[in-house]
Amino acid sequence: MEIISSAQNSMVKKLKLLSTKKGRKRFNEFIVGGNKFVMDIPEGWEVVHTFVSESFINSGCMETLNRAGITILKDSVFSSVTNTVTPQGVMAVVKSENFH
């Protein structure tokens, strides 16, 4: 698993873009945030990547994720890409081409 500690990382910049309508439309992807929502992503949906915070790993919830392509973000970086006041520490980027 890769650990990202810089907000200047290209993956982090893309996550920030996906929080805007223009970014979601440009990449045909959207963000699903929160442990329950990430776990309940339907099988037919294409999960591009999963991001977790360091706190999420330390909480012991990591074993519930059975997804490939998991990247760890420092807590400060994770907070910078989410609009949630108290993020749960997990988000997935999902292809949206099936939803047009």
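Author: A note on terms before we start: helices (H or I, at least four residues) and strands (E, at least two) are DSSP runs, numbered from the N terminus. The model is predicted.

Reader: With those terms, where does Asn28 lie?

Author: Asn28 is in the loop that runs between helix H2 (21–27) and E2.

Reader: What is the phi of Asn28?

Author: The general idea comes first. Most residues other than glycine have a negative phi. In this structure, Asn28 has a phi near 55°, which is positive although the residue is not glycine.

Reader: How many aromatic pairs does a search of the whole structure find?

Author: The search gives one aromatic pair. Planes over 60 degrees apart count as edge-to-face. The partners are Phe30 and Trp45, whose ring centres are 6.0 Å apart and whose planes stand at 75°, so this pair is edge-to-face.

Reader: Which parts of the chain does the pair tie together?

Author: Phe30 belongs to strand E2, while Trp45 sits in the loop between helix H3 (35–39) and strand E3 (47–53); the pair therefore links parts 15 residues apart in sequence. Trp45 has a relative accessible area of 29% and is partly exposed.

Reader: Which residue lies over the face of Phe27?

Author: That residue is Lys14, at 4.9 Å from the ring centre.

Reader: How should I read the largest pocket?

Author: Rolling a probe the size of a water molecule over the atoms shows where empty space is left. Here the largest pocket holds about 260 Å³ of space. Its lining has 18 residues, and those closest to the centre are Ile31, Gly33, Thr82, Asn83 and Thr84. Two or more lining residues come from each of strand E2 (29–33), helix H5 (75–81) and strand E5 (90–95).

Reader: Which element gives the most to that lining?

Author: E2 does, with three residues. By class, the lining of the largest pocket has eight nonpolar residues, nine polar and one charged.

Notes: Residues numbered from 1 in each chain as written. Predicted model: local features only at pLDDT ≥ 70, side-chain atom pairs only at ≥ 80, totals over all residues. Heavy atoms only, no water. 1 Å grid on protein atoms, 1.4 Å probe; cavity = no way out; pocket = protein on both sides within 12 Å on 5 of 7 lines; lining within 4 Å. Points joined across faces, edges and corners; volume = space filled by probe spheres on them. Nonpolar A, V, L, I, M, F, W, Y, C, P; charged D, E, K, R; others polar. Phe/Tyr/Trp six-rings, centres within 6.5 Å; stacked < 30°, edge-to-face > 60°. Buried < 20%, exposed > 50% of the residue type's maximum accessible area, 1.4 Å probe, protein only. Lys NZ or Arg CZ within 6 Å of the ring centre and 35° of its normal.
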